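Hi,

Here is the model I said I would pass on.

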Amino acid sequence: MFNGKKVSLCITGGIAAYKAAEIVSWLKQNNALVQVAMTKSACRFITPLTMQTLSANKVMTDIFCEEVEGVAHIELAKTDLFAVIPATANIMAKAAHGLADDLISAAILATKAPLLFAPAMNVNMYENVHTQSNIKHLTSVGAELVEPAEGRLACGDVGRGRLASVQELKDKISSMLLAKQDFAGKTVLVTAGPTIEAIDPVRYLANRSSGKMGYAIAKAAKMRGAKVILITGPTNIVQPAVDLFIPIQSATEMREAVLENFSACDIVIKAAAVADYRPLKVSEQKIKKSENLMLELVKNPDILQEIAARKGDKIICGFAAETENMHKNALLKLKNKNLDLLAANPVSGKDNAFGSDENRLTLFFKDGQVRELDKMTKDKAANTLLDAILELV
Ligand code: CTP
């Protein structure tokens, strides 16, 4: 699968270091050339001998490493993918601040390869303001992150901090290593997240969209060479490295931003869950409690329908969030909104896409084709959706 592509896999100290062994073995079995580097702490959790055996390659453990030819950190930096699995708070802090006081941090500074961090640590360390701001900085300058999972941690605490699943790591590595530049020269406009509609200065109407699907699409399109404009409602996700990031609040603001950027793009993917209604009047003061409150709502403009009506040769892909009659409702939206493609996702029950890291999409094409996809990570679903869009270009 990987055809001799080079992966520098750096293991930093943490109990999850043993999971890197499975990744190394899988990479090797899929014909990647793997150069493992380990910090001193990582060597206390798992031996370099294990990694050497699995990678069929000498392991780098020191900046003055004599086992490799050339200058160790520069050799480590010359690669197709630079992955840090697991990544400690310390290595991400060094990377975010450009420190280079050991083999791995120096190689991170020297590499021009795509960078991937898979953090694993105690929940308080992960949620610490410094760690979060380092992660935000690293991702804003283009590094990829596989977020840790929630659960019971080795230290006994419970929370976010477990290394992401091996499957998630494999999916991410595959998508980064195999990223074709098949969207080069294209401008893709993606909308994501909910819109929120103010009621008064302290309250609003919203929905449960997390923005994860739209962000995954924006990142995948960027990785595949597109120029990406991401217009997003409020989310809790780290801002991805895109060409233009436009945060908005309401459907009205999203409409303005979409219309302003519409002429510049070739492809529009509207993953946002736009509020269908907004309060007729936004109270200037906080509304005081009374027995009952009647809110009069007015319909928001349908942004997707509006742009699709004058799409020319642009490709327009909508989403449908459905709790029942998915096929019937999706086909109606595809037709009524004049779309090229519609990705329908369930938003209730066991496959509820809202907030989840996975999605089970069904793709409806304007020529009548229907493609039911398996449940998969949103990153993978994003790439599958982009493949389908390319068929239409
Ligand atoms: N959409 C939009 N503007 C709106 C409402 C929806 O652009 N005011 C877009 C969404 O971004 C999505 C698609 O239309 O791509 C379908 O959204 P969805 O919420 O599933 O359906 P609605 O058209 O709002 O219809 P309903 O709520 O009745 O299912």
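Predicted model: local features only at pLDDT ≥ 70, side-chain atom pairs only at ≥ 80, totals over all residues.

The protein has 14 helices and 19 strands; these are DSSP runs numbered from the N terminus, with helices being H or I of at least four residues and strands being E of at least two. Residues are numbered from 1 along each chain as its sequence is written, and side-chain values use heavy atoms, with hydrogens and water left out.

Overall shape

Along the principal axes, the C-alpha atoms fill a box of roughly 70 × 50 × 35 Å. Of the contacts with a separation of 6 or more, 66% are between residues 24 or more positions apart, where contact means heavy atoms within 4.5 Å.

As for the surface, the protein exposes about 18900 Å², and carbon and sulfur atoms supply 50% of that (Shrake-Rupley, 1.4 Å probe; for residues, only the protein chains shown count as cover). Of the 393 residues, 50% count as buried. Buried is under 20% relative accessible area, exposed is over 50%, and partly exposed is in between (1.4 Å probe, protein chains only).

Helix H9

H9 covers residues 166–177 and reaches 16 Å from its first C-alpha to its last, close to the 16 Å expected for its 12 residues; the expected span is 1.5 Å times one less than the number of residues. The helix is mostly covered, with 10 of its 12 residues buried. Among them are Lys170, Asp171 and Lys172, as well as Ile173 and Met176.

Leaving aside neighbours within four places in sequence, Leu177 is in contact with Phe2, Lys5, Lys6, Val7, Leu27, Asp80 and Leu81. Its C-alpha is 37 Å from that of Asn329, 152 residues away along the chain.

Thr377, in strand E19 (residues 370–377), touches Asp171 as well as Glu168, Asp357 and Glu358, not counting residues up to four places away. Thr377 counts as buried because its relative accessibility is 15%.

Most residues other than glycine have a negative phi, and most peptide bonds are trans. Here are the spots to look at. The Ile85 to Pro86 bond is cis, with omega near -15 degrees, and Pro86 lies in strand E3 (residues 81–87). Asn3 has a phi near 45 degrees; it is found before strand E1 (6–11) and is exposed, at 72%. Asn338 has a phi of about 60 degrees, in the loop between helix H13 (326–336) and strand E17 (341–346), and is partly exposed at 42%.

A nonpolar patch

Tyr277, Leu293, Leu295 and Leu297 form a nonpolar patch on the surface, with about 370 Å² of accessible area together. Patch residues have over 30% relative accessible area and no salt bridge; like charges are joined within 9 Å and nonpolar side chains (Val, Leu, Ile, Met, Phe, Trp, Tyr) within 5 Å. A salt bridge is a side-chain nitrogen of Lys or Arg within 4 Å of a carboxyl oxygen of Asp or Glu. Tyr277 is in strand E14 (residues 277–279) and counts as partly exposed, at 44% relative accessibility.

Cheers
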